[in-house]
Amino acid sequence: MVAGTPLTTKTTIVVRYPRGKGGMALRGNTEPLSWTENLEPAHLEGDQHTFEITTEAGLIEFKPFREGVGYSCGRDYAVQAGSTAIVVPYFERSTCYGEAAPRTLFSPQLDRAVTYEVFLPPSYGELPEKRYPVLYAQDGQSLFSTSHDPFDGSSWRMDDSLNELYDLAAIEEILVVAVRTDEGRLEMLSPTADAELGGGQGPRYLEFLIDVLKPTIDATYRTLPGRAHTGLIGASMGGLFSFFAAWTRPEVFGKSACLSASFWWDNRAMVRMVEGGSCPYPRPLLYLDSGASKSQFERDANLRDGYHHTLAMRHALVSHCYVPGENVYTLAFAGMSHDNASWAARLAVPLQRMFPVKGPRLVDQAPTP
């Protein structure tokens with residue numbers, strides 16, 4: 001080697017995309033890639049388009065380019081020269097979308113029909129072989145920008161959060177099943193009966209999710225049905241129920257996000273259940289959070305947002321069987337209160353904890369042998 005000659009290295013980029021949808025090329029910032037000319041694949045086998053690039057060491061930015069359509073959705077991919085990267089792009093739509101109309105299923109457990117809405121990820125209609133994790137979300141009546149809370153007209157704007165995260169490739173694409181819980185909400189979402197407020201139909205609702213709704217979703221859509229790919233999310237009473245469901249049926253739900261969960265319910269029955277019971281196996285990933293008042297002397301319950309109850313649950317989990325940062329995350333947000341706007345503002349945090357990607361816009365990345 002001549003002194004001063006730059007070292008070169010080979011980078012392999014595999015693009016997985018249905019072959020019948022059009023020719024696939026690559027464009028990028030480093031020769032032999034260009035943002036104006038196509039690099040054709042070196043090998044083509046089935047739906048795998050393999051590109052081989054010999055460059056100097058450094059960071060390569062690139063993007064798949066589909067004949068007749070243009071660049072893939074989202075931001076540029078990036079890979080360190082000398083690596084092998086596998087990417088699964090999509091081109092036809094950049095945002096998640098709800099179905100044309102809500103669906104209903106009769107619940108023998110609750111003796112009534114339950115309404116739900118399915119939000120599909122951007123690539124769902126484009127990649128027929130791909131399967132997706134599923135998030136079962138409580139309070140579907142107030143989750144998306146197309147729906148509005150019956151009390152104040154606001155929503156979590158979950159679709160906005162998902163679309164921003166998809167654009168950044170910060171999470172896996174997921175299928176969201178938004179269950180309406182506005183009819184008999186306290187009864188439906190409460191795991192136990194409260195001495196003053198009643199309720200206690202949560203176990204029946206949980207049976208409906210497991211025995212009726214989930215089998216229907218798995219049979220109708222291309223899901224990844226295993227527990228590792230099945231999560232729950234909810235706020236307030238929905239957060240309480242989401243904790244209860246994952247804790248008692250961890251073989252079904254492998255992860256749960258509980259925002260501003262009503263752990264005060266029934267004299268902190270869920271906290272006492274954790275303290276006095278055995279740890280679930282397999283152990284679900286738990287995300288717990290709450291707002292908190294700016295002042296410790298604040299008496300307004302909405303401004304306090306149950307911070308001290310969430311703290312009690314964290315203590316019960318950590319002193320019992322959970323490891324912070326490993327299988328439980330507990331966050332507090334000073335100045336955020338008990339409302340849809342606060343949950344919308346921090347929704348990106350639990351979504352990234354539950355459905356992280358393996359690498360920056362990459363399905364897999366490993367050093368070349």
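**View 1. Surroundings of Phe-243 in the predicted model.** Phe-243, Leu-213 and Leu-317 have the most contacts inside the largest nonpolar core, which has 69 residues. Such a core is a set of buried Ala, Val, Leu, Ile, Met, Phe, Trp, Tyr and Cys residues joined through side-chain atoms within 4.5 Å. In this predicted model, local features need pLDDT of at least 70, side-chain atom pairs count only at pLDDT 80 or more, and totals for chains, interfaces and linings use all residues. Numbering runs from 1 along each chain as its sequence is written, and side-chain values use heavy atoms, without hydrogens and water.

View 2. Helices are DSSP runs of H or I with at least four residues, strands are runs of E with at least two, and both are numbered from the N terminus. His-309, Thr-310, Ala-312, Met-313, Ala-316 and Leu-317 are buried (under 20% relative accessible area; exposed is over 50%, partly exposed in between; 1.4 Å probe, protein chains only) in helix 7. The buried residues of helix 7 pack against helix 4 (237–248), helix 5 (265–276), strand 16 (285–292) and strand 17 (328–334). Exposed His-315 and Ser-319 lie on the face turned away from the buried side.

**View 3. Cis peptide bond between Tyr-281 and Pro-282.** Omega is about -5°. Pro-282 belongs to the loop between helix 5 and strand 16.

**View 4. Positive phi at Ser-260.** Although not a glycine, Ser-260 has a phi of about 50°. This residue occupies the loop between strand 15 (255–259) and helix 5.

Technical notes:
Contact means heavy atoms within 4.5 Å. Lists of a residue's contacts leave out its neighbours within four places in sequence.
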